Amino acid sequence: VAVLDDAAVPREWLQQAKNELDRIYREIDVDIVWWDLTPGGDHATVPRHLLTIAIRRNAASLRKRLSEDTIGITSGTAAERGRVAYVFYDRMERFTPLHRGKYLGHFMAHELGHLLLPQYAHSARGLMRAQWNREDLERAQHGQLRFTPEQASLIRSRASQLAAATDPDTQKR
């Protein structure tokens, strides 16, 4: 997973967000490998199936009309899952700075979930709810907002497929 930070998120909040995303995925037995895509970096070894979370200042650059409650979107179709998720940082400003990094990690985990799950993967409860309420945000604050067991199973399966497709040794078989 790579993060492209076009919103200039404070470094400590971005690190907290990445740590939170790591924790959420570790809970479902999925290890996140982070790729550095900063300008001037070595991009020759970037995997073909790299998933990217682009943190945008706002949604204006996507030329899409989105509700004010939309914090992120992903690319892709029902037939072909995308590889880029977008999180809109200006929508985070409604949250207290104390919890912004933790919430950002949850929003990033949610959008990454969309890249790993079938299309329309919102659920009635948990991390993949379409609309989060105060109770969901409180669970996120305490690290208790999670994927459902069914979603965890689907994510593990998709992550294994992507890892196998990325591994040069597996491709030779």
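This is a chat about the fold of a predicted model and a few of its residues.

User: I'm new to this one. How many helices and strands does the protein have?

Analyst: There are five helices and four strands. Remember that this is a predicted model. Going along the sequence, the pattern reads β-α-β-β-β-α-α-α-α.

User: What does the protein average for pLDDT?

Analyst: The average is 86, and 88% of the residues score at least 70.

User: And where is confidence lowest, and where highest?

Analyst: Helix H5, residues 168-172, has the lowest confidence, with a mean of 44. The highest is in helix H1, residues 11-26, at 96.

User: OK, on to the sheet. What order do the strands have?

Analyst: The order is E1-E2-E4-E3, in an open sheet of four strands with mixed pairing. E1 (2-5) and E3 (72-76) are the edge strands; each has a single partner strand, so one side of each has no neighbour in the sheet. On average, neighbouring strands are turned by 20° against each other, direction ignored.

User: At what angle do H2 and H3 pack?

Analyst: About 105°, with the axes of H2 and H3 9 Å apart. H2 is therefore roughly perpendicular to H3. On the H2 side the contact uses His99, Lys102, Tyr103, His106 and Phe107, while H3 brings Leu137, Ala140 and Gln141.

User: New topic: Gln151. Where does Gln151 lie?

Analyst: Gln151 is in helix H4.

User: Buried or exposed, that Gln151?

Analyst: Buried, because its relative accessibility is 7% and the cut-off for buried is under 20%.

User: So what does its side chain reach? I mean Gln151.

Analyst: The Gln151 side chain comes to 2.9 Å from the backbone nitrogen of Thr148. There is also a polar contact of 3.3 Å between the side chains of Gln151 and Ser123.

User: Which residues is Gln151 in contact with, leaving aside neighbours within four places in sequence?

Analyst: Leu117, Ala121, Ser123 and Met128.

User: There's another glutamine I clicked on, Gln144. Where does Gln144 lie?

Analyst: Gln144 is in the loop between helix H3 (134-141) and helix H4 (149-166). With a relative accessible area of 43%, Gln144 is partly exposed.

User: How far apart are Gln144 and Ile24?

Analyst: In sequence they are 120 residues apart, but in space Gln144 and Ile24 are 9.1 Å apart, C-alpha to C-alpha.

User: What about contacts across the protein: what percentage join residues at least 24 apart?

Analyst: It's 67%, counted among contacts between residues at least 6 apart in sequence.

User: Last one: what share of the 173 residues is buried?

Analyst: Buried residues make up 42% of them.

Definitions and conventions
Residues are numbered from 1 along each chain as its sequence is written. This is a predicted model: local features need pLDDT of at least 70, side-chain atom pairs count only at pLDDT 80 or more; totals for chains, interfaces and linings use all residues. Side-chain values use heavy atoms; hydrogens and water are left out. Helices (H or I, at least four residues) and strands (E, at least two) are DSSP runs, numbered from the N terminus. Buried means under 20% relative accessible area, exposed over 50%, partly exposed in between (1.4 Å probe, protein chains only). Two strands pair if DSSP finds at least two bridges between them. Axes are lines fitted to C-alpha atoms, for helices over the stretch in contact, and angles run from 0 to 180 degrees between N-to-C directions. pLDDT is the predictor's confidence in each residue, from 0 to 100. A polar contact is a pair of N or O atoms within 3.5 Å; within protein, one must be able to donate a hydrogen and the other to accept it, and residues adjacent in sequence count only if both atoms are side-chain atoms. Contact means heavy atoms within 4.5 Å. Angles under 35 degrees count as roughly parallel, over 145 as roughly antiparallel, 65 to 115 as roughly perpendicular and the rest as oblique.
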